[in-house]
Amino acid sequence: AGSALAYDPMDCVNDIAKVDKDINVGLATRLCSGTWTKEPVICYAAVSVADKDINRKIAIDLCAGSVNAEKTVACYSEAGQRFNRGIATTLCGVKKQEN
């Protein structure tokens, strides 16, 4: 019946390691936790281009849980013209539960 292969958090961890070969497993796990699409990885790669000085933690806070990388990065870029990175990330990122 040829169902599409499901994308899962392990695929995300493997993909982010290709995008950022120096990322540590803890940060990769934060980005990929509970993700079932490639959007967080696409977002992470795109925001690193849009904001060359963004640090990994902020990029991960922004992109973790993203279901539309293009909209997430566009929001961050627009918000970043008025606000600092932290506020732009809070505004445009998906709320993550703190443990």
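This is a predicted model: local features need pLDDT of at least 70, side-chain atom pairs count only at pLDDT 80 or more; totals for chains, interfaces and linings use all residues.
Residues are numbered from 1 along each chain as its sequence is written, and side-chain values use heavy atoms, with hydrogens and water left out.

## Overall build

The protein has six helices and zero strands, giving the order α-α-α-α-α-α from the N terminus on. Because the radius of gyration is 13 Å, close to the 13 Å from the globule rule for 99 residues, the protein is as compact as a globular protein of that length. That radius is taken over C-alpha atoms, and the rule is 2.2 Å times the number of residues to the power 0.38.

The C-alpha trace spans about 50 × 30 × 30 Å along its principal axes. Of the 99 residues, 33% count as buried; buried means under 20% relative accessible area, exposed means over 50%, and partly exposed lies in between (1.4 Å probe, protein chains only). Among contacts with a separation of 6 or more, 59% are between residues 24 or more positions apart, a contact being heavy atoms within 4.5 Å.

## Charges and salt bridges

The protein carries 12 positive and 12 negative side chains, and the centres of the two sets lie 3 Å apart. For this count Lys and Arg are positive and Asp and Glu negative, leaving out His and the chain ends; each charge is placed at NZ of Lys, CZ of Arg, CG of Asp or CD of Glu.

How many salt bridges does a search of the whole structure find? The search finds seven, where a salt bridge is a side-chain nitrogen of Lys or Arg within 4 Å of a carboxyl oxygen of Asp or Glu. Three of them are tabulated here.

| Acidic residue | Basic residue | N to O distance |
| Aspartate 15 | Lysine 18 | 3.7 Å |
| Aspartate 20 | Arginine 56 | 2.7 Å |
| Aspartate 51 | Arginine 85 | 2.7 Å |

Let's take the pairs in turn. Lysine 18 and aspartate 15 are three residues apart in helix 1 (residues 9-19), so about one helical turn separates them. Lysine 18 is exposed at 67% relative accessible area, whereas aspartate 15 is buried at 12%. Together with Lys38, Asp15 and Lys18 are linked in a network of salt bridges.

Next comes the salt bridge between aspartate 20 and arginine 56. Aspartate 20 sits in the loop between helix 1 and helix 2 (25-32) and arginine 56 in helix 4 (residues 56-63), so the pair ties together parts that are 36 residues apart in sequence. Aspartate 20 is buried at 11% relative accessibility, and arginine 56 is partly exposed at 33%.

Aspartate 51 and arginine 85 form another salt bridge. Aspartate 51 lies in the loop between helix 3 (39-50) and helix 4, and arginine 85 in helix 6 (residues 85-92), so this pair ties together parts that are 34 residues apart in sequence. Here aspartate 51 is buried at 12% relative accessibility, while arginine 85 is partly exposed at 32%.

## Three residues up close

Leucine 27 belongs to helix 2 and is buried, with a relative accessible area of 18%. Not counting residues up to four places away in sequence, leucine 27 touches Arg56 and Ile60.

Threonine 72 lies in helix 5 (residues 69-79) and is buried at 9% relative accessible area. Which residues does threonine 72 contact, leaving aside its neighbours within four places in sequence? They are Cys43, Leu62, Ser66 and Cys92.

Aspartate 61, in helix 4, is partly exposed at 26% relative accessible area. Leaving aside neighbours within four places in sequence, aspartate 61 is in contact with Arg30, Thr89 and Gly93. Asparagine 24 is 37 residues from aspartate 61 along the chain, and their C-alpha atoms are separated by 15 Å.

Key:
Helices (H or I, at least four residues) and strands (E, at least two) are DSSP runs, numbered from the N terminus.
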